[in-house]
There are 2 protein chains.
Amino acid sequence: MRPYVEFETEELLELHRSLLMQYKEYQARDLQLNMARGKPCVDQLNLSMGMMDVLSGNCDLLCEDGTDCRNYGVLDGIKEAKVLMADMMEVSPDNILIYGNSSLNIMYDTISRSVTHGVMGGTPWAQLDNVKFLCPVPGYDRHFAITEYFGIEMINVPMTEDGPDMDMVESLVANDPAIKGIWCVPKYSNPQGYSYSDKTVRRFARLEPAAKDFRIYWDNAYTVHHLYDDEQDHLIEILAECKRAGNSDLVYKFASTSKISFPGSGIAAIATSHNNLEDIRHQLSIQTIGHDKVNQLRHVRYFGDIHGMIEHMRRHADILRPKFELVEEILEKELGGLGIGSWTYPKGGYFISFDAPEGCAKAIVARCKKAGVIMTPAGATYPYGMDPHDSNIRIAPSYPPLSDLELATSLFALCVKIEAIRSILTARGVSISSANSRNGVNFPHA
Amino acid sequence: MRPYVEFETEELLELHRSLLMQYKEYQARDLQLNMARGKPCVDQLNLSMGMMDVLSGNCDLLCEDGTDCRNYGVLDGIKEAKVLMADMMEVSPDNILIYGNSSLNIMYDTISRSVTHGVMGGTPWAQLDNVKFLCPVPGYDRHFAITEYFGIEMINVPMTEDGPDMDMVESLVANDPAIKGIWCVPKYSNPQGYSYSDKTVRRFARLEPAAKDFRIYWDNAYTVHHLYDDEQDHLIEILAECKRAGNSDLVYKFASTSKISFPGSGIAAIATSHNNLEDIRHQLSIQTIGHDKVNQLRHVRYFGDIHGMIEHMRRHADILRPKFELVEEILEKELGGLGIGSWTYPKGGYFISFDAPEGCAKAIVARCKKAGVIMTPAGATYPYGMDPHDSNIRIAPSYPPLSDLELATSLFALCVKIEAIRSILTARGVSISSANSRNGVNFPHA
């Protein structure tokens, strides 16, 4: 295909009219499809139903060390669950604290604790005039929501295929003591599916922040969430690398089983240095007597060990892989060579990132919505919901069945074309709303 | 029995020697007993084992409205769980937010949110020079630990059989805008087992605090935790009473199923006004995507409804009642009429409160410990661990089997006698450590 920018104006107007006809046909189908959130689909949830039977009323609910999981106590989490999570997170069980059902909740609590009580004896952030976080962009909206909620100023750092722009990260943290953290999804990143290169991780571990209480928020959400057996991204383990660099306390690592067992009913954990753990344990002992040990035991009895979990993740991959490939195939077929968009080909995780022509993302998402396909809101992948280029759109292929996904992606590609043409024509001084006014189509944001 | 104070000094010395002989016999038995925490015993935990089988891999995990409990979402908690908790908490399901496994965690988060973001638009407490809480004493150590952790100044308010001294509460909150809350365990209070009288609840609902962001922290931990079928304390429902008084936003009510199903693996909830809920929901939507809905469903399927839960609590009572009665009986038999202690006779809850002669509590608890019986640390029932009279000791009869409980309580009564005599003799100028020095006994804190 020729790139659209090489088309004559009349050619584009003609094409636009024809695409709008197709769009109307989609609208007439009254679709209700959703590619907004990284939710596992029903088939994936069914994979873990055996978990409902591993603890029965007839069996004991004792840990290996004899602890009765049904009663109060064990603030850190039960030993065997620490081993399982440690193996998954590639750290020692001694560096693990198991929490409740949500790693997001751990991240929130970590920031909240830093605001009220500081980090390892440092000044509580509530007493500082200015606290800043670095935010690799595009990134995860729920991360940004936490820092925004606490009034923390967010600074965009561009992502590359190797991870965040490390020149920028190094320079910023070295010179500004108000910078207290950086949000990272280091493996199969949200939304691009990029994994940080070895060099990036090594540079992270060797950061020399001006703020002693600076921490890397290493949200390793997709650590075992591969799509392929033979092509897996590998990430250098950050705790060990920080230790080797003499920077043991620099990182908080987060993970959960939300997309392994059940979202909202899994177990979540933090992994960090002994100094950080001591800091956290003191606060945690005030906040709770302990988290849900029965659910911890349920996970251990179901997965057995990390090998069992890896086998389980293969079954997830078998369901997810065709969905990712379908989306990529349709985008390639519909948009390849047109020069009106680029997208990623992740080997794991939950998202494909799409970059539309500048200024088109909101219009594309709005147009999808009007035809019954919900995408993640444009801008959501940037702090404050503000994508400076209005370009990035996150695609979440996991939830819809394949047939729905095909429909939704085809419609999405159609909306990209329509809005891209509008954008090109507008740049040429041609107003498409008047040129097509007889069709009676409303153009959002036009 | 004659009160000890009427005994001649020689008589007391003789008695003391004989009691010490008995004490040594206990010591020789190498006991390991624990009456420190309000933990359910194994028989109680066994009552809920059916819960492990209500969700099987073969059944659906759908709510009545079709929501799949296995996936993300439903921040408030599932409808049927809200109904169950609402019935238990005697409020409308519309006033309920279901959290995770721990009401203590909700209370911590509530204070933490008030510190960082204020209450319903009020100034965040972190920005105030002075924040104070009223603490009815004796009370629950974990409450006091939260307020202490956040640097909140705690003011003791004496408990009576009708609840806190309301003259004092009314006057303090009306005149000091720095007072932002009061910790209450209104039913079968911790540790005394008192339930607030109708008049007390009505006066609470009609408080006129100087601080608009003052809230009553109404920890109704023992709302359905009766010991007797025929003799149950009744508490006026505080949300409704506040509404009637035109004070709808005045109260946060907390409860959990920790001592109904499994401690640490139950479900917890807050009940409060719509204005407060709106405030909380905004924050909660930043903190988490949702709590464990599978466990919510498990509780609903197991208990069915509030009637099922009440029947279940009867079985708990059948186990707990003999334990409370045994402790009361031994205290009566060993200490009745001696004038060296008083204790409560709760009709529900988890504790018996014991008041030793002034200045004796620490010595009694230390002496128990030296013979292998762990009590709640003396002072724990007061803010900062400081009982100004060194008198109150919390007895937790739930965990040990009856035979252990008999031993532990007998030893406890013995220690009370020994320390009470020491105290009386000391007041008479007789030093017991020299009088008994040939026995080689060490007197803690003597």
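1. A residue is called buried here if 20 or more other C-beta atoms lie within 10 Å of its own, exposed if 12 or fewer, and partly exposed in between, with C-beta atoms placed from the backbone. Helices (H or I, at least four residues) and strands (E, at least two) are DSSP runs, numbered from the N terminus.

2. The model is predicted: local features need pLDDT of at least 70 and side-chain atom pairs count only at pLDDT 80 or more, whereas totals for chains, interfaces and linings use all residues. Residues are numbered from 1 along each chain as its sequence is written, while chains are lettered from A and ligands numbered from 1 in the order in which they are written.

3. The confidence scores are as follows. The model has an ipTM of 0.95 and a pTM of 0.96. In pLDDT, the predictor's confidence in each residue from 0 to 100, chain A has a mean of 96, and 97% of its residues reach 70 or more. Residues 437-446 of chain A stay under 50 in pLDDT. The model has 14 contacts beyond four places in sequence for residues 437-446 of chain A, two residues being in contact if their C-beta atoms, placed from the backbone, lie within 7 Å. Where pLDDT is low, the predicted coordinates should not be read in detail.

4. The surroundings of S8(B) can be described strand by strand; two strands are taken to pair if DSSP finds at least two bridges between them. Strand S7 (residues 215-219) of chain B pairs with S8(B) in the parallel sense over four bridges, and B:Asp219 stands opposite B:Phe254 in S8(B). Strand S9 (residues 268-271) of chain B runs antiparallel to S8(B), joined to it by four bridges; B:Ala269 in S9(B) is the bridge partner of B:Ala255. From S8(B), B:Val251, B:Lys253 and B:Ala255 point one way and B:Tyr252, B:Phe254 and B:Ser256 the other, and all are buried.

5. S7(B), helix H8 (residues 238-244) of chain B and S8(B) form a right-handed β-α-β unit. A crossover is right-handed if, with the strands pointing away from the viewer, the path from the first strand over the helix to the second runs clockwise.

6. Chain A is assigned domain 1 (4-44 + 311-439) and domain 2 (61-304), the bounds coming from an automatic or database domain assignment. Their centres, taken over C-alpha atoms, are separated by 32 Å. The contact between them takes 25 residues from domain 1 and 28 residues from domain 2 of chain A. On the domain 1 side, helix H11 (306-335), strand S11 (352-355) and strand S13 (392-395) of chain A each give two or more residues, and H11(A) gives the most, with seven residues.

7. S11 and S13 of chain A also belong to an open, antiparallel sheet of three strands in the order S10-S11-S13. Strand S10 (342-343) and S13 of chain A are the edge strands, each pairing on one side only. S10(A) and S11(A) pair over two bridges in the antiparallel sense, with A:Trp343 opposite A:Phe354 in S11(A).

8. The contact between the chains takes 42 residues from chain A and 42 residues from chain B. Helix H4 (103-117), helix H5 (141-149), helix H9 (274-287) and helix H10 (293-303) of chain A are the elements giving two or more residues to the chain A side. H4(A) supplies the largest share of that side, six residues.
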